[in-house]
Amino acid sequence: MVSSNFERIVEDNKKVISETINKLDGSVSIKDAGDGKGYYFEVKKLDAAGDPLPSEIIYFNSMETKTSFEKTIGNDTEAIVKDAKVAPTEDELKAKGSVVYKFLGEEKDAAGNPIPYYINATSDFLEIVKNNETIQKEITKVVNTGGGTDPGTPEPVDPTKPDPNSYGNVYYGDVNKDGNPILYTVNDGKTYAIDISQNILNEITNNQDIIEKLKEQTTVVVKEGEGAVDTGEVIGGFSVKKKVFSKQLTTPKDKATYAYNSQFEDGFVFAATDKFGRVKSVQILTKDGQLVMSSVTDIVATATKLDFKFGIGTMYSTLPTGVTYDVIVEYVSTEAFPKPKETTTP
């Protein structure tokens with residue numbers, strides 16, 4: 001009966017009891033801070049006379065464990081602290097392959113919003129690769145050897161006897177110490193020469209793109225009014241050259257009324273740089289490309305002058321005068337092949 005009556009008394013007077021308790025020294029109440037800021041404790045304080053002092057406010061957030069991290073970059077003398085709260089730029093975030101981590105901890109700003117921390121993995125990785133010498137050396141080992149081992153000093157090898165089972169990365173150097181660098185691989189500490197001549201020959205023989213490029217590079221282009229050019233042919237150890245002249249066939253000097261002639265009256269002059277030697281062939285073409293004469297006789301040649309007549313032996317031929325022809329002279333030059341290397345006096 002007493003217990004029941006006490007419960008009724010508390011129930012009927014809980015408001016008065018609560019207000020009284022809240023006014024006691026050290027009493028604690030929980031209140032809503034509003035605006036989504038959460039809840040806080042209000043602790044009542046009384047002075048010695050029993051008069052109220054300003055309440056102590058304790059926010060729940062301030063009691064929580066706050067997770068955060070900081071970023072440091074070493075410069076060989078100290079660790080420089082970098083602000084991990086600096087957000088990457090929009091361009092950095094959108095860059096292809098960019099990886100950025102964003103961490104939202106318990107710490108909040110004045111507006112109650114979580115304060116973000118950032119890990120810019122792309123930027124940090126580049127920083128490491130550019131400046132960390134240990135990482136650079138490890139990367140170099142992997143690139144050069146396919147693993148984490150240093151091939152060291154290669155052993156001398158016979159370049160004419162490569163190992164068909166050799167594999168790995170390819171190097172270039174004077175491993176035989178004979179002044180002739182070669183391509184080679186390193187396998188289990190052994191050095192093996194690589195003979196690529198067969199591959200090159202196969203490409204030259206069967207790769208149409210290579211064939212066309214070689215034709216383009218080796219095509220002899222002879223232009224009127226320019227110096228002689230090499231044909232790529234060698235006779236008796238001397239280069240064969242071609243030179244083209246544009247010349248009008250005039251009437252014979254002693255037959256001014258003739259409309260035909262069997263020779264160019266003034267001959268052909270060669271520069272010293274043409275290195276003119278012996279005539280190999282002469283072709284005479286009209287300006288539209290028609291071959292009208294390819295046999296000559298009575299050849300008289302010096303180092304700088306060439307004269308001839310059209311025909312074979314003592315049988316002479318003629319061409320119409322007043323016409324300008326292209327005359328292509330192919331000759332064995334006085335230039336030895338291969339050309340001697342130029343030397344300089346120190």
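Two rings of Phe, Tyr or Trp count as a pair if their centres lie within 6.5 Å. Keep that cut-off in mind for this tour. The model is predicted.

**Stop 1: the cluster**

Select Phe-245, Phe-264, Phe-268, Phe-270, Phe-276, Phe-308, Phe-310, Tyr-325 and Tyr-331. These residues form one aromatic cluster. Across the whole structure, a search finds 10 aromatic pairs. A pair of aromatic rings is described by the distance of the centres and the angle of the planes. Two pairs are worth a look.

**Stop 2: Phe-264 and Tyr-325**

Show these two side chains. Their rings are edge-to-face, with 80 degrees between the planes and 6.5 Å centre to centre. Now colour by sequence. Phe-264 sits in the loop between strand 13 (260-261) and strand 14 (268-269), while Tyr-325 belongs to strand 21 (residues 324-336). Are Phe-264 and Tyr-325 buried or exposed? Phe-264 counts as buried because its relative accessibility is 3%, under the 20% cut-off. Tyr-325 has 2% relative accessibility and counts as buried too.

**Stop 3: Phe-268 and Phe-308**

Select this pair next. The rings are stacked: 10 degrees between the planes, 5.4 Å centre to centre. Phe-268 is buried, at 2% relative accessibility. Phe-308 is buried, with a relative accessible area of 4%.

**Stop 4: lysines over rings**

Lys-247 lies over the face of Phe-268, at 5.6 Å from the ring centre. Then move to Lys-309 and Tyr-316. Here Lys-309 lies over the ring face of Tyr-316, and the distance to the ring centre is 5.3 Å.

**Stop 5: strand 21 and its partners**

Which way does strand 12 (residues 238-248) run relative to strand 21? The two run antiparallel, joined by 10 bridges.

Select Val-279 and look across to strand 21. The residue opposite Val-279 is Tyr-331. Tyr-331 is a member of the aromatic cluster, which brings the tour back to Stop 1.

Terms used: Residues are numbered from 1 along each chain as its sequence is written. This is a predicted model: local features need pLDDT of at least 70, side-chain atom pairs count only at pLDDT 80 or more; totals for chains, interfaces and linings use all residues. Side-chain values use heavy atoms; hydrogens and water are left out. Rings of Phe, Tyr and Trp (its six-membered ring) pair if their centres lie within 6.5 Å; planes under 30 degrees apart count as stacked, over 60 as edge-to-face and the rest as tilted. Helices (H or I, at least four residues) and strands (E, at least two) are DSSP runs, numbered from the N terminus. Buried means under 20% relative accessible area, exposed over 50%, partly exposed in between (1.4 Å probe, protein chains only). A charge sits over a ring if NZ of Lys or CZ of Arg is within 6 Å of the ring centre and within 35 degrees of the ring normal. Two strands pair if DSSP finds at least two bridges between them.
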